Amino acid sequence: MPNLLSPMVALMAVAFLFGCGQSAPVVPDDSQAAGPVAPGSAEEGVSLKPSGVFAYTFINRAPWVLIGEEKRDGEYQWADFVGRAEPGERHPAEVAARELWQETGHAYDRKTTEGELRELEPVDVGNNVFIYALEVQYRDADDLESRDRVPFHEKERYCWIPYSELTESIDDSKNDQPRSQDNTAHVPTRCEGESTKIWYVVARNLDVGKPLRERLDSLLLP
C-alpha cells in the first residue's frame with residue numbers, strides 16, 4: 001500500500017512556510033464606511049427618539065402652519081406631526097416623513113417627504129427629539145379630514161393658522177410659570193374641534209428664544 005504520509009507532511013510544510021508571518025485577509029465592513037451621519041441617527045449609536053414635522057405653506061405670501069387635533073394626555077389638543085420611531089428606522093427623516101404621511105391619511109407622499117427632509121437640518125428641541133420645519137403643499141383641512149382612516153391616523157381634525165396668529169397666542173399665554181397643561185396657548189375658535197387647547201409641548205417648543213421658534217422665524221418672517 002503506498003505511503004501517503006510523506007506527501008501530506010510535505011504539503012503541510014509548504015503551507016506553513018508560505019503562510020508564516022502573513023495575517024488573515026481583512027474583510028471590509030460596510031458599516032464602518034466613512035460618510036455623513038445624521039444627528040441622533042441609529043448609526044451614531046444613539047437610540048432613535050421621536051421625530052416629526054412642523055408643516056407650513058404660504059397663502060398670499062403670508063406663512064400659515066398646519067396642525068391637527070388628537071387626544072393627548074386624556075383630552076383633545078392641537079399639535080404638530082411628531083411620533084416615535086418604528087423598528088428598522090435609522091434616520092430622523094424616516095420617522096418624520098412616516099408621521100406626516102400617517103397622520104394626514106397618506107395625503108403627503110412618504111418617500112417624497114423623506115427625500116426633502118434629508119436635505120434639511122432638523123431642530124433638536126430637547127431630549128434628542130428632532131423636528132423639521134418643512135414647506136408643504138396646501139391641502140384643505142376638510143379634504144384631510146375626509147380621507148380614509150389608516151393605521152396610526154391619530155389626528156381627527158386639521159386647521160391652517162397664520163403663523164403670526166399662532167405665535168401671538170403662545171406669547172400672550174406665557175407667564176413666569178413653566179409650560180404645563182394649565183399654562184398653554186389656544187388655537188382660534190374657527191378651528192372647529194373638541195377643544196382649542198394647544199398641546200403644551202408645542203407651545204413650549206415655540207416660546208421665544210427656543211430653537212424651533214428661531215428656525216421658523218428665520219424661514220417665515222421678513
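The largest pocket is lined by 25 residues, and those nearest its centre are Pro 50, Arg 72, Val 82, Gly 83 and Arg 84. Here a pocket is worked out on a 1 Å grid over the protein atoms alone: it is an open set of points where a 1.4 Å probe fits, with protein on both sides within 12 Å along at least five of seven lines, and a lining residue has an atom within 4 Å of a point. The space inside comes to about 550 Å³, where grid points are joined across faces, edges and corners and the volume is the space filled by probe spheres set on the points. Two or more lining residues come from each of β2, β4, α2, β5 (123–126), β6 and α6 (200–205). Helices (H or I, at least four residues) and strands (E, at least two) are DSSP runs, numbered from the N terminus.

A word on the model itself: it is predicted, so local features need pLDDT of at least 70 and side-chain atom pairs count only at pLDDT 80 or more, while totals for chains, interfaces and linings use all residues. Residues are numbered from 1 along each chain as its sequence is written, and side-chain values use heavy atoms, with hydrogens and water left out.

Stepping back to the whole chain, there are seven helices and seven strands, and reading along the sequence gives the pattern α-β-β-β-β-α-α-β-β-α-β-α-α-α. Of the 222 residues, 42% are buried, where buried means under 20% relative accessible area, exposed means over 50%, and partly exposed is in between (1.4 Å probe, protein chains only). Among contacts (heavy atoms within 4.5 Å) between residues at least 6 apart in sequence, 64% join residues at least 24 apart.

Helix α2, one of the elements lining the pocket, covers residues 92–103. Ten of the twelve are buried, so α2 is largely enclosed by the rest of the structure. Among those buried residues are Pro 92, Val 95, Arg 98, Leu 100 and Glu 103. What do they pack against? The buried residues of α2 pack against β1 (51–59), β2 (62–72), β4 (81–83), α3 (110–117), β6 (129–135) and β7 (157–162).

Just after α2, Gly 105 takes a positive phi of about 65 degrees. His 106, in the loop between α2 and α3, has a positive phi of about 70 degrees although it is not a glycine, and this residue is partly exposed at 31% relative accessible area. Arg 61 also isn't a glycine, yet has a positive phi of about 70 degrees. Arg 61 sits in the loop between β1 and β2 and is exposed, with a relative accessible area of 82%.

On to α3. Asp 109 caps its N-terminal end, with a side-chain oxygen 3.4 Å from the backbone nitrogen of Lys 111. The buried residues of α3 are Thr 113, Glu 114 and Leu 117. They cover an arc of only 100 degrees around the axis, which puts them on the same side of α3; the arc is that of the directions from the helix axis to the C-beta atoms. An α-helix has 3.6 residues a turn, so residues three or four places apart point the same way. The buried residues of α3 pack against β1, α2 and β6.

Glu 69, in strand β2, is buried at 0% relative accessibility. Which backbone atoms does its side chain reach? A polar atom of the Glu 69 side chain lies 3.0 Å from the backbone nitrogen of Glu 194, and the side chain also reaches the backbone nitrogen of Ser 195 at 2.9 Å. Such polar contacts are pairs of N or O atoms within 3.5 Å; within protein, one must be able to donate a hydrogen and the other to accept it, and residues adjacent in sequence count only if both atoms are side-chain atoms. Leaving out residues up to four places away in sequence, Glu 69 touches several others, including Tyr 76, Trp 78, Arg 157 and Gly 193. Glu 69 and Ile 198 are 129 residues apart in sequence but 8.6 Å apart in space, C-alpha to C-alpha.

Ile 198 turns up again with Thr 184: the backbone oxygen of Ile 198 lies 2.7 Å from a polar atom of the Thr 184 side chain. Thr 184 lies in the loop between α5 (163–173) and α6 and is buried, at 10% relative accessible area.

Note on methods:
The expected span of a helix is 1.5 Å times one less than its number of residues.
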